[in-house]
Amino acid sequence: MERQRLVVIGNGMAGARTVEEILTRAPDLFDITMFGEEPHGNYNRIALSHVLAGEEDFDSIFLNSLAWYAANGITLHAGVRAKRIDRFAKVVYADDGSETRYDKLIIATGSRSFIPDIPGIRDRYSELRSGVFGFRTIEDTRAMLEHARGGERRAVVIGGGLLGLEAAHGLHKQGTEVTVLQRSATIMNQQLDAAGGEVLAGILQNMGIRVITNARTVAVDYVPRVGIQAVQVEGQDPIPCDMVVVTAGIRPETSVALISGFTVARAIVVDDLMRTVDDDDVYAVGECVQHRGEVYGLVAPLWEQGAVLAANITGTDPSARYSGTKTTTKLKVAGIDLASMGVRTPEREGDEQMVFSEPKRGVYKSVIVRENKVIGATMLGDASRVPFLTRAFDQGLDLPETRAELLFDLGTTPEQSVADLPDDAQICNCNGVTKGTIVGAVHDGCTSLGAVMDATRAGKGCGSCKEQVCAILAWAAGDAVTVDASANWYVPGVPMGKPELMAAIREQNLRSVSSVFAALAPDGQPDARSKMGLASLLKMMWGPDYVDERDARFINDRVHANIQKDGTFSVVPQLKGGVTSPEQLRRIADVAEKYDVPMVKLTGGQRIDLLGIRKEDLPKVWADLDMPSGYAYGKSFRTVKTCVGQEFCRFGTGDSTSLGIDMETRFQGLESPAKIKLAVSGCPRNCAESLVKDVGVVAVEGGRWELWIGGAAGAHIRKGDLFVTVDSREEAILLAGRFIQYYRENAKWLERTYTFVPRLGLEELQAILVADRDGVCAGLDERLQESVDNYADPWLDRDAPATPGQFRTALPLVALPLVPVRGGDA
Amino acid sequence: MSDAIEIDVCALGDLAIEEGRTYVVADEQLALFRMRDDTVHALGAVCPHRGGPIADGQCDEAVVWCPLHAFGYDLATGACVNGDFRLPRFDARVEDGRVVVTVPE
């Protein structure tokens with residue numbers, strides 16, 4: 001089949017991009033001829049700002065080299081201007097005298113700089129004077145650079161829009177002293193409201209760029225053979241300078257369309273297929289077109305327009321339609337983050353505007369909302385919410401009720417950013433699971449959180465990424481997300497919530513883990529992953545009447561030490577309240593030497609950790625230490641961190657160490673749904689970090705104590721809630737214990753207090769535990785007391801192992817081949 | 001298997017119910033697990049993931065979970081239930097109160 005002739009007038013970003021789109025769809029459909037006024041291939045005009053600033057060089061910004069045209073069989077007339085189109089003869093006449101026939105024609109003539117008629121700016125031939133520049137082309141940029149480097153050191157930029165500020169920044173980077181004149185009261189007034197413009201002007205001034213607003217330029221002073229002298233501004237002293245850059249806007253380049261009889265309003269009018277309204281064989285694209293009344297001066301719309309045009313002109317997708325682009329702009333000035341989209345200010349009654357302004361730090365944020373959708377936003381100096389806002393703006397997403405989340409990353413809405421993450425973004429940092437892996441699991445049929453976690457191991461480390469895993473699941477599965485029935489079960493192997501389970505255990509008098517499985521699990525099936533949670537629960541419920549089956553314990557609880565990566569264990573003796581003595585330290589040192597302990601370390605809970613102990617040495621180590629267990633291994637009460645307190649500290653207002661020691665004595669060894677860490681601080685300086693503990697106590701002036709609950713500072717950070725302030729240490733111990741017992745009885749397995757407290761609500765907990773609304777306090781206190789009375793130091797196991805293999809190594813016993821010992825002559 | 005040998009490893013009473021214990025038998029490191037019905041399973045003792053001690057894991061009638069990173073292994077086959085690993089598995093039986101395991105020679 002004979003190829004059709006396609007002629008493209010314009011070899012800028014729109015023309016070349018559209019040709020690329022056509023070639024990918026129908027590489028052999030057309031013989032293509034292109035006219036470009038500029039004498040080279042297509043380059044990235046947007047990057048000229050970076051070239052001017054010295055951040056890129058000219059060579060690096062070319063998008064299509066001359067070789068590309070040759071390789072694709074395109075005839076390029078570079079440096080040739082198309083003058084006129086004969087629509088009836090289907091011929092393009094160019095200024096080199098050529099006549100080119102076409103079957104299809106694309107007009108992509110772009111824009112040109114608008115140079116206002118300021119006296120002195122042009123010579124008598126209406127050419128720009130030497131030293132006056134537009135900022136549109138490679139030639140403009142090259143000339144400016146040469147001029148600036150040629151010893152000229154003062155520039156005035158007329159026009160403080162996006163392009164003007166980029167020009168000012170570029171020249172400033174070249175060492176030029178720059179003044180920006182903006183005719184209106186606000187710089188970048190296309191994108192910024194007045195307040196935002198002021199913050200941006202402040203940033204520029206701090207960078208050393210002078211900005212004058214409300215500045216009407218009335219003349220450019222020029223001395224023949226010397227050059228530009230100054231710019232005259234109405235009502236001000238003349239501004240001396242050696243060069244002038246005019247960035248007063250761009251105008252669509254429509255002259256060839258106009259004289260050829262096409263409909264031109266503000267630009268060449270096209271329909272939704274990107275065809276001119278006058279001729280079905282003539283299309284137009286880019287900054288030279290007007291579509292549904294809009295003329296765009298940005299790059300994003302021309303990508304979309306080019307794709308639609310190509311789909312139609314090639315016939316590959318005749319249903320493709322262009323419906324306009326929601327534009328977002330970014331200022332390309334190094335060191336300034338500025339993104340803007342949609343409208344600048346509220347336009348209708350009922351439009352909401354959220355504004356945050358911090359001029360000193362150069363931060364300004366404004367979001368305009370209409371009917372719960374973002375219709376405009378400006379983010380200056382902080383780009384953290386830009387990806388989310390861009391999506392919300394483009395896709396018309398419903399917005400969070402807390403509008404502050406539009407302006408700030410409050411960490412509460414991770415689901416709104418997951419779509420922006422690349423596939424190789426690591427979501428679970430413990431198990432190294434990427435977004436792509438999670439999405440893959442969803443596509444393979446996992447529709448619940450549990451299924452995704454089981455399939456990928458995401459969220460199975462510290463668990464802090466679970467929310468994000470959930471968000472990715474929701475994003476990838478959409479409506480197909482299912483809720484795990486097991487989400488509310490206390491443990492996976494017994495289909496019951498905790499209250500139900502406890503009632504059944506009590507009713508059926510189930511005292512061992514195996515009896516719970518037999519009575520309550522489906523088909524009586526035991527489940528290894530449920531054993532630990534059930535053991536903890538039964539021990540808490542039955543105390544000394546619990547039937548302790550050793551297999552129900554996790555290895556740490558079997559040997560009362562924390563298993564390490566190499567199968568050895570860590571031993572942490574109890575140091576109540578973090579207080580020790582020379583005698584204890586001596587014993588610890590002796591043990592460390594005797595057993596060749598590879599590492600001795602201070603823990604975050606103010607204790608001493610002996611790491612790398614072999615399992616078979618544990619009983620001997622405990623015996624030599626002759627100190628009680630510090631419980632550094634269990635889902636249990638762990639430790640009470642204290643500060644020095646009033647005994648020594650000159651600021652101390654309460655005896656924090658002795659209260660800490662008393663609390664540890666009382667709560668030691670209590671098993672619980674997850675670990676519990678305490679702290680007591682002797683004054684509000686809070687040196688023991690009480691506000692980020694499961695239970696934190698702070699002494700305040702007047703002999704009073706504050707109790708804070710639900711704090712955390714590990715995988716999850718949460719400041720605790722002030723639970724109650726009491727008058728005595730006895731009350732502090734009582735209420736701390738009551739909260740701990742309530743948590744033991746009501747929290748889900750592995751649910752830390754930082755989840756438990758907000759789940760139930762502080763006020764609810766205060767009503768139950770302080771005001772005794774439900775009359776349960778006496779019972780809680782009593783049951784806690786029973787547990788306390790039943791405490792026995794587990795390290796006394798050393799005298800009689802619970803099972804024959806309790807302290808036998810399960811380490812891989814690497815059987816090395818025996819190498820004969822060599823004699824002295826070797 | 002002709003090149004396999006049976007080895008008397010230990011007394012059944014040396015194993016606690018549903019707890020593991022490691023033995024080295026003919027250069028093989030075995031983790032033995034005694035079930036509630038007094039049958040015994042024998043798997044490799046070293047988790048192929050990061051070298052965790054399998055015998056220190058918790059088990060039920062079907063699966064043992066490595067204590068380090070919670071990879072689970074099918075007691076009957078050695079196949080990992082939540083990862084791309086496999087543990088060697090050996091025939092084990094109880095005879096006159098002794099645990100006898102078949103290992104390659």
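This is a predicted model: local features need pLDDT of at least 70, side-chain atom pairs count only at pLDDT 80 or more; totals for chains, interfaces and linings use all residues.
Q: Why is A:S65 called partly exposed?
A: The relative accessible area of A:S65 is 40%. Buried means under 20% and exposed means over 50%; 40% lies in between, and therefore A:S65 is called partly exposed. A:S65 is placed in the loop between β4 (62-64) and α3 (66-71) of chain A. Its C-alpha atom is separated by 5.3 Å from that of A:G41, although the two residues are 24 residues apart along the chain.

Q: How do you know that A:K531 is buried, and which residues does it contact?
A: A:K531 has a relative accessible area of 1%, and the limit is under 20%, so the term buried applies to A:K531. This lysine is in helix α16 of chain A. Leaving aside neighbours within four places in sequence, A:K531 is in contact with A:V513, A:F517, A:D551 and A:A552 in chain A, and with B:E18, B:Q58, B:C59 and B:D60 in chain B.

Q: What makes up the largest nonpolar core?
A: This core has 68 residues, and A:L501 and A:I505 have the most contacts inside it. Helix α16 (residues 528-542) of chain A gives the largest share, 8 residues. At least three residues come from each of domain 5 (498-553) and domain 6 (631-792) of chain A. A second, separate core has 51 residues, among them A:F30, A:F35, A:V308 and A:A311.

Q: Why is the aromatic pair of A:W622 and A:W795 called stacked?
A: The ring centres of A:W622 and A:W795 are 5.2 Å apart, with 10° between the planes. A:W622 lies in helix α19 (residues 618-625) and A:W795 in the segment after α24 (777-789), so the pair ties together parts of chain A that are 173 residues apart in sequence. Both A:W622 and A:W795 are buried. The whole structure holds 14 aromatic pairs over all chains. Ring pairs also link A:F723, A:F739, A:Y742, A:Y743 and A:F756 into a cluster.

Q: How do you know that A:R457 lies over the face of B:F71?
A: A:R457 is at 3.7 Å from the ring centre of B:F71. The distance cut-off is within 6 Å, and the charge must also be within 35 degrees of the ring normal; 3.7 Å meets the distance limit, and A:R457 is assigned to the face of the ring. A:R87 likewise lies over the face of A:F262, at 5.1 Å from the ring centre.

Methods
Residues are numbered from 1 along each chain as its sequence is written. Chains are lettered from A and ligands numbered from 1 in the order in which they are written. Side-chain values use heavy atoms; hydrogens and water are left out. A nonpolar core is a set of buried Ala, Val, Leu, Ile, Met, Phe, Trp, Tyr and Cys residues joined through side-chain atoms within 4.5 Å. Buried means under 20% relative accessible area, exposed over 50%, partly exposed in between (1.4 Å probe, protein chains only). Helices (H or I, at least four residues) and strands (E, at least two) are DSSP runs, numbered from the N terminus. Domain bounds come from an automatic or database domain assignment. Rings of Phe, Tyr and Trp (its six-membered ring) pair if their centres lie within 6.5 Å; planes under 30 degrees apart count as stacked, over 60 as edge-to-face and the rest as tilted. Contact means heavy atoms within 4.5 Å.
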